[in-house]
Amino acid sequence: MNDRIPTGSERLDEILEGGLLKNAINLIVGIPGSGKTILSQQIAFRNATVEKPALYLSTLSEPLDKILRYGESLSFFDQAALREGRLVYEDLGQQLGEGGLDGILETIDRHLRQVRPGIVVLDSIRAFHAMASDIGAFRQFLYGLLRRLSAASTTAIWNAPYTRAQAQSEAEFAVADAIVALDIKQMADREVRVLQVMKLRGSGYRSGEHSYRVTSAGIEVYPRLAEVQVEAPYTLSEKHSATGVAALDELLGEGGYWEGSTTLIVGPSGIGKTLMGLHFLYHGAELGEPGILATFQENKTQLERVVGGFGWSIDNPDVHVHARGVVEVNIDQWVYELLALVSRTNAKRVVIDSLPDLQIAAGDAVRFREWVFSLTQRLTRAGVSLMMIVEVPNLFQLDRISENGISHLADNVILLQYVQDGSELSRGLTVLKTRAMPHRPVVHRYEITDKGFVLGDGLPLGR
């Protein structure tokens, strides 16, 4: 196992399976504005010590005073580290104009002897290309730089304004031991920042694109939720989670869903899907099982009126509301917020209202199905019961339950629909699926009253 250095982002370290490579060349690439300089400084401050300072060398990409001015606005920027010599900033721009690449190597030699750094940041390495007469001269410069950094037993962080495609054709790509690419992708009318590990010599890492944000605390990363199928055995609960609708519990035959199972509530607009989710959460609160309503449909003020109309309180300490707007929602960031809330509240029940809102935000059908699979697997292993609400356009007969095979991932599927009952239009409920429990797919009449969801007898169909 190669030695590592932390990046200052716990979740980025998870992607790298421990952090960047120590005493190696770590290359950070990305288009302008993607956060390369911020991440480089974040790593430098995280690892700088009195015994092994960090040396930050700016080139022609940005003046040093500008890097410092913007850096001071970040919460990880520690003025004491500069005063104590734990982090040293130097500008190589003047040497580039005067002494060329040979002069740069001499200057770096001098800084290595004086500072004896544990980390050396070059911001950016691409600036040296313009000083080389040809690619051969630049490769010779790279060799001299590598030899000096290796002799000093230091960890190098180089950044460069390359796209992922450009980076693979540059000389730096070949000599780097680790490459992290930052990018900004256009998704419909939104911009999404994604991070990808392109290379990590002799080490494993989490593949694929991972979302991140640039904040005042630095780079915040949200690893792609991609759970592998768990082979190791784990214990499934023998308990059941009552639905909050007594007649439905009787219909299920076992007093509710299996604890830790995943349930889809499917139906058209106005049929009572959210109400069924509220029954599930507030009944859980009565049983001492905290729950979370993760909603994109209403904010807390709107929900207060809805739940109050059925005799519940929005201030119930065991029912937590995780409300977010659908505009510019990032599903990776959102799911980590949800999982953190589950952990903080010790929630045993989660209702997502609604799943199509997240599907639109995902932008990719395959990626979304992997995401749903990963979320259900993670909550199942934790013994958390998940209910996901899906709105469909059909008022009466349905052609399909959900897109992209999402219904296959659910343990239970409850269909709510409008049914023509003679001259009347009734609401009907059908238990379409209950994994590991017997059920009869009969359409049952139900009404929505001031008491909430009231299930009735079977509906005669075909009239």
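1. Let's start with a strand pair: strand E19 (residues 412-421) and strand E20 (residues 424-434) are joined in the antiparallel sense by ten bridges. Strands pair if DSSP finds at least two bridges between them; helices (H or I, at least four residues) and strands (E, at least two) are DSSP runs, numbered from the N terminus. Across this pair, leucine 415 stands opposite threonine 430 in E20.

2. A word on the source. This is a predicted model, in which local features need pLDDT of at least 70 and side-chain atom pairs count only at pLDDT 80 or more, while totals for chains, interfaces and linings use all residues. Residues are numbered from 1 along each chain as its sequence is written, and side-chain values use heavy atoms, with hydrogens and water left out.

3. E19 and E20 belong to an open sheet of nine strands with mixed pairing, in the order E16-E15-E17-E18-E14-E19-E20-E21-E22. Its edge strands, E16 (319-323) and E22 (452-458), each pair on one side only. Neighbouring strands are turned by 25° against each other on average, direction ignored.

4. Do have a look at serine 426, which lies in strand E20. Serine 426 counts as buried because its relative accessibility is 6% (buried means under 20% relative accessible area, exposed over 50%, partly exposed in between, with a 1.4 Å probe and protein chains only).

5. Now a helix pair: the axes of H12 (residues 331-345) and H14 (residues 365-381) come within 12 Å and cross at roughly 10°. Axes are lines fitted to C-alpha atoms, for helices over the stretch in contact, and angles run from 0 to 180 degrees between N-to-C directions. H12 is therefore roughly parallel to H14 (angles under 35 degrees count as such). In contact (heavy atoms within 4.5 Å), Ile331, Asp332, Trp334, Val335 and Leu339 of H12 meet Arg367, Trp371, Leu375, Arg378 and Leu379 of H14.

6. Another open sheet has nine strands in the order E5-E4-E6-E7-E3-E8-E9-E10-E11, also with mixed pairing. E5 (87-91) and E11 (218-222) stand at its edges with a single partner strand each, so one side of each has no neighbour in the sheet. Strand E4 (residues 54-58) runs parallel to E5, joined by five bridges, and serine 58 stands opposite aspartate 91 in E5.

Key:
Parallel < 35°, antiparallel > 145°, perpendicular 65-115°, else oblique.
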